There are 2 protein chains.
Amino acid sequence: MTRATHRTAAERPRDWTDGHVERWRPVLPHLDPDVEGAVTRMSKLTRHLGRVREQGVADYGLQKHEFDTLHGLAGRGGRATPSDLRADLNLAPASVTGRLEALERRGFVVRTPSSDDRRRVDVELTEAGRLAWRRALDVVGHEEQRLLGVLTPVERRQLSDLLRRVLLAAEQPVPEAPADRPRPRTDRAETGWHG
Amino acid sequence: MTRATHRTAAERPRDWTDGHVERWRPVLPHLDPDVEGAVTRMSKLTRHLGRVREQGVADYGLQKHEFDTLHGLAGRGGRATPSDLRADLNLAPASVTGRLEALERRGFVVRTPSSDDRRRVDVELTEAGRLAWRRALDVVGHEEQRLLGVLTPVERRQLSDLLRRVLLAAEQPVPEAPADRPRPRTDRAETGWHG
DNA sequence: GCACTGTATTTCGTTGCCGAAGTTTCGGCA
DNA sequence: TGCCGAAACTTCGGCAACGAAATACAGTGC
């Protein structure tokens with residue numbers, strides 16, 4: 001397995017991104033192929049998993065965003081506030097309302113005004129909701145497992161660790177605020193990130 | 001670099017995803033934390049870069065999708081067909097039409113019916129378009145470089161290589177159809193992928 | 001008690017994306 | 001030549017996401 005990295009470049013199998021980056025080299029010689037390659041692949045993979053999820057959960061009568069919402073809710077033990085979901089799902093507040101409304105119509109969640117803080121709303125997974133989520137659940141994990149399964153456990157750990165270092169940099173709002181530049185509104189784009 | 005993995009868990013800095021995965025462990029003990037961690041981080045990072053791009057190019061009067069379209073066009077040397085862009089940008093045909101129309105209104109591209117094959121349309125970057133693209137370009141690469149820059153060159157290569165192996169698996173429509181399960185329509189989700 | 005600031009959620013209007021259907025053109029084949 | 005399936009692009013209808021503003025409430029200071 002790890003032997004693969006010792007192959008010569010000629011015999012190493014190429015993926016779509018290799019071609020993509022190669023096409024760009026002459027136009028933008030200054031960019032690092034490995035940076036571009038890694039970023040492109042992450043984007044592609046994310047999209048791919050999204051599509052698979054979409055079509056996978058469709059067999060259970062759910063749409064991707066519906067499943068994701070149920071999933072987020074289940075991750076909080078079946079009870080959460082819209083704000084929690086907004087944070088977990090990285091969504092605009094308005095979107096959460098829309099999703100919950102649709103799910104409520106289908107009988108997958110119930111919204112009840114919180115009694116202790118009446119600004120809040122408690123969202124709860126119904127039995128039907130939990131069931132739908134459960135049924136669709138396996139399908140989703142399978143593709144991730146299948147893809148990441150081509151790596152050895154050690155490599156998977158490596159990958160996850162490398163990404164963590166990158167993400168830590170991303171979560172750091174401003175690594176080196178030189179203060180000499182006003183640095184235009186980084187407000188929502190950065191602070192909303194952790195949420 | 002592997003030195004970092006030898007830190008004790010206690011002193012290794014944690015990112016958002018660590019908390020996320022940890023929250024899920026009790027609910028779904030069967031999933032591999034490294035798979036989940038890697039996938040989550042890629043998704044997060046992709047989203048993050050998207051937001052940064054959004055707000056970065058806004059300073060040049062562009063929206064993310066506008067820039068991306070110009071970028072794709074520039075990557076083809078300034079000339080392409082809608083189909084090319086559809087493939088490169090991973091978009092539905094209808095979306096390409098919409099984007100190009102908006103860009104044409106702004107004078108960034110020109111669409112002319114191809115003369116040799118009159119089903120086709122030639123899309124060409126205007127001087128104004130190329131200029132807008134050029135101006136916004138640096139801003140975009142910077143964040144990628146900043147984030148991936150926390151890794152050493154060797155690590156970046158490693159990351160890219162690991163991802164290539166994963167992506168190769170993704171591009172493989174179905175590696176091992178077990179045939180014991182009917183495996184519902186994988187049609188569009190998989191074949192449309194390379195496009 | 002009352003204004004004030006901040007937070008939680010919803011409503012509203014707009015936008016981009018997508019799937020499906022439609023139109024024109026191409027290429028092969030009789 | 002004339003037909004027919006496939007291809008390239010567009011139009012159409014609908015949906016989900018977003019930003020901004022509105023609503024409702026909590027907590028604080030006076």
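To compare copies, you superpose them by least squares on the C-alpha atoms of residues with pLDDT of at least 70 in both. Do that here, and chain A can be laid on chain B with an RMSD of 0.1 Å, using a turn of 180° and a shift of 0.0 Å along the axis. That's the relation of a two-fold axis. Within chain A, A:Met42 has the C-alpha nearest the axis, 2.7 Å from it.

Keep in mind that this is a predicted model: local features need pLDDT of at least 70, side-chain atom pairs count only at pLDDT 80 or more, and totals for chains, interfaces and linings use all residues. As for labels, residues are numbered from 1 along each chain as its sequence is written, while chains are lettered from A and ligands numbered from 1 in the order in which they are written.

## Where chain A meets chain B

Here 62 residues of chain A are in contact with 60 residues of chain B (contact means that the C-beta atoms, placed from the backbone, lie within 7 Å). On chain A's side, the elements giving two or more residues are helix H1 (16-24), helix H2 (33-58), helix H3 (64-75), helix H6 (127-148) and helix H7 (153-171). Helices are DSSP runs (H or I, at least four residues), numbered from the N terminus.

What's that side made of, by class? It has 30 nonpolar, 14 polar and 18 charged residues (Ala, Val, Leu, Ile, Met, Phe, Trp, Tyr, Cys and Pro count as nonpolar, Asp, Glu, Lys and Arg as charged, and the others, Gly among them, as polar). Also, 95% of the interface residues of chain A are interface residues in chain B too, so the copies meet through the same surface.

## Around the DNA

DNA strand D has 22 residues around it, and A:Ala94, A:Ser95, B:Thr81, B:Ser83 and B:Ala94 come nearest (a residue is near a strand if its C-beta atom, placed from the backbone, lies within 6 Å of it). Helix H5 (93-105) of chain A gives two or more residues to this surface, as do helix H4 (82-89) and helix H5 (93-105) of chain B. The largest share, five residues, comes from H5(A). By class, the surface has eight nonpolar, seven polar and seven charged residues.

In chain A, the axes of H3(A) and helix H4 (residues 82-89) come within 10 Å and cross at roughly 110° (axes are lines fitted to C-alpha atoms, for helices over the stretch in contact, and angles run from 0 to 180 degrees between N-to-C directions). H3(A) and H4(A) are therefore roughly perpendicular to each other, a term for angles of 65 to 115 degrees.

The contact pairs A:Asp68, A:Thr69, A:Gly72, A:Leu73 and A:Gly75 of H3(A) with A:Leu85, A:Asp88 and A:Leu89 of H4(A).

Conventions:
Contact = placed C-beta atoms within 7 Å. Parallel < 35°, antiparallel > 145°, perpendicular 65-115°, else oblique.
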